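Here are some friendly notes to read alongside the model. Please keep the structure open as you go through the points.

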Amino acid sequence: MSRNLSPRAKLVLYGVLLVLAIPFVFPTWWMVTSSLKPVADIFAFPPQLLPAHPQLDAYQRVFELQPFGRQYLNSLYIALVVTVGTLAVSALSGYAFARIRFRGQNVLFLVVLAGLLIPSEVTIVPLFQMFFKLGLIDTHWPLILVPILGAPSVLATFIMRQFFISLPGELEEAARVDGLGRFATFWKVALPLSRPALGAVAIFTFLHSWNLYLEPIVFLSTPEKFTLPQALTQFVDAYGGPMWNVQLAAASLTALPVLVVFVIAQKQFVEGLAHTGLKG
Amino acid sequence: MSQTDIRVGGAQAPPTAARPPRPWWTSRRRDQLAGYLFIAPQLIGSLLFVFLPLVLVVWYSLHEWNVLAGTFDFVGPDNYSALADDPNLGSMLRATGLFSVGLVVFNLALALLLAVLLNQRLRGTIVFRTIFFSPVVVSLVAWTIVWGFLLQDNGGVNGLLDTIGVDGPNWLRGEGTAMFSVIIVQVFKNVGLNMVLFLAALQGVPAELYEAAEVDGASRMRQFWRITVPLISPTILLTSIITVVGSLQVFAQIAVLTQGGPGTSTTVLVYYLYQQAFQFHHFGYGATLSILLFGIVLALTVLQWQMRKRWVFHES
């Protein structure tokens, strides 16, 4: 559909895009600026697009009211472990399903793929019971093991398999003729070629873990063990009402670093997801 | 699996014994073993964390199980008849359906609109693409909290509306507006993902088709419905499947924005499941609701698969 537009059409198009951008940009703007306002100015009318009396009190309160640094670390390390673990599991099995011939391959692939139909919300009750029996409630194990080995990694495996199928086989055959074993062929030849797919899988796995909410509130009960999404909802006053500026400061601290990484690497994010991710 | 292999190997041994012995441990067998070892973590993980819990959830659903009271009694189909008689069933299914349909319609329509706009020959589309995609990387709860703040009666949205002379409603507390608000918040959060998939699909539509249509005097609208939509229909199906299945899993947005209210107007299935199992400790009934969720996901997937055969345009 890319045809040359008249200057008038271009102007209209820019106008439409700018209006459409408001609900995408304004919330982030409002979050950051409101977190810098004193409580009295939060709901001031007319709305202050820039804080009239900027201050950092809310940011200080974030760390006083919750072990927020610890919670930040929890979310970060869980998401990183889940990402690395998912990459390992899904690259290995995706490679095997795409490249190695073994008995029962197709049936086993369908068995694994069936996991896509069973979201973790369906199995949350028995998962809670299983981890309870193992004495792993109020630990990070369920938040690490289930995403790496359970349903969430199935999509990653599917993407890796589609990618490995599309790789030309000659390079691997050359490596095999040179006497490399299966694992060495996978590690030294196939894996370095699959960077785009690994990148796409890494991005959506990290975000998935980073966003988890139901699982943490089901499995965790000690504030020191909370993850960020869970911690964000804990900034409430004695009556259960939200302390808006503190919540927004915590939300800003949660959202801004990822946003900055995204803006720097937006090409890899967007094109990686679009082209490797879900094409097949 | 490897057990089967050894047995098969053993069975083949006698006939070959007469001939010069061939090594049993061939490179083909080695490769097979590598295959099983490569998929072992995923397969064992699926059995432990997907299929075992699925069997257990069926088993639990046949029990009256209250964690606090310490009861675990086999009651057969009682939970299912309790579900059929649950006075909340109607409103819960209605809320779930409304959310899913609303999300799919608004999300796909906006995603397609944005993709078409960004597919024009225009400077700065990358900037807008980055803007529209950015909420995807913002933590879901952070995004929801900010919108909860914006949608307060005296919040930013009504503040903005007021400056143009519109008196906005109390979005999250009104029966009619609460569900709409939850849907819209989720649309803006994730529409960028579908937009990017649509954009990739649009770029794959050959320009000659439009040129030919232009020569035939077809209007832009007609070109869109007759060329663009059929050619990107596989992507429309894919995004609709992802969006529908994702919409059934909605939880954090409800928990943060409305807690299922006002009344039960935004109590969707997963939120109700969470309340029953983890707030009221009715694990048996929670398991029954899980089965209902599984049934809906399964039915929708089969349905969409059927639609694929009928509607989606195939190149070959």
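1. How many residues of domain 1 of chain B are in contact with residues of domain 2 of chain B? Please bear in mind that this is a predicted model. The count is four residues from domain 1 of chain B, and they meet six residues of domain 2 of chain B. On the side of domain 1 of chain B that touches domain 2 of chain B, three residues are nonpolar and one is polar, with no charged residue there.

2. To place those two domains on the chain, look at the domain assignment: in chain B, domain 1 covers 23-61 and domain 2 covers 82-311. Taken over C-alpha atoms, the centres of domain 1 and domain 2 of chain B are separated by 35 Å.

3. Now turn to chain A, where the assignment gives domain 1 as 1-55 and domain 2 as 66-277. The centres of domain 1 and domain 2 of chain A, again over C-alpha atoms, lie 32 Å apart. Seven residues from domain 1 of chain A and six residues from domain 2 of chain A make up the contact.

4. Which elements give two or more residues to the side of domain 1 of chain A that touches domain 2 of chain A? They are helix H1 (7-35) and helix H2 (39-42) of chain A. H1(A) gives the most to that side, with four residues. By class, the side of domain 1 of chain A that touches domain 2 of chain A has four nonpolar residues, two polar ones and one charged.

5. Back in chain B, an unreviewed UniProt entry lists "transmembrane region" for residues 36-62, 97-118, 130-150, 178-202, 223-245 and 286-307. Two of these stretches can be compared with the model. Residues 178-202 of chain B are 100% helix and 0% strand, with the end C-alpha atoms 34 Å apart. Residues 286-307 of chain B are also 100% helix and 0% strand, and here the end C-alpha atoms are 32 Å apart.

6. Why does A:Gln162 count as partly exposed? The reason is that A:Gln162 has 18 C-beta neighbours inside 10 Å, whereas a buried residue would need 20 or more and an exposed one 12 or fewer. While you are there, look for A:Phe97 too: the C-alpha atoms of A:Gln162 and A:Phe97 are separated by 9.4 Å, although the two residues are 65 residues apart along the chain.

How values were computed:
Residues numbered from 1 in each chain as written. Chains lettered and ligands numbered in written order. Predicted model: local features only at pLDDT ≥ 70, side-chain atom pairs only at ≥ 80, totals over all residues. Domains from an automatic or database assignment. Contact = placed C-beta atoms within 7 Å. Nonpolar A, V, L, I, M, F, W, Y, C, P; charged D, E, K, R; others polar. UniProt positions renumbered as here; feature names shortened; annotations may be inferred.
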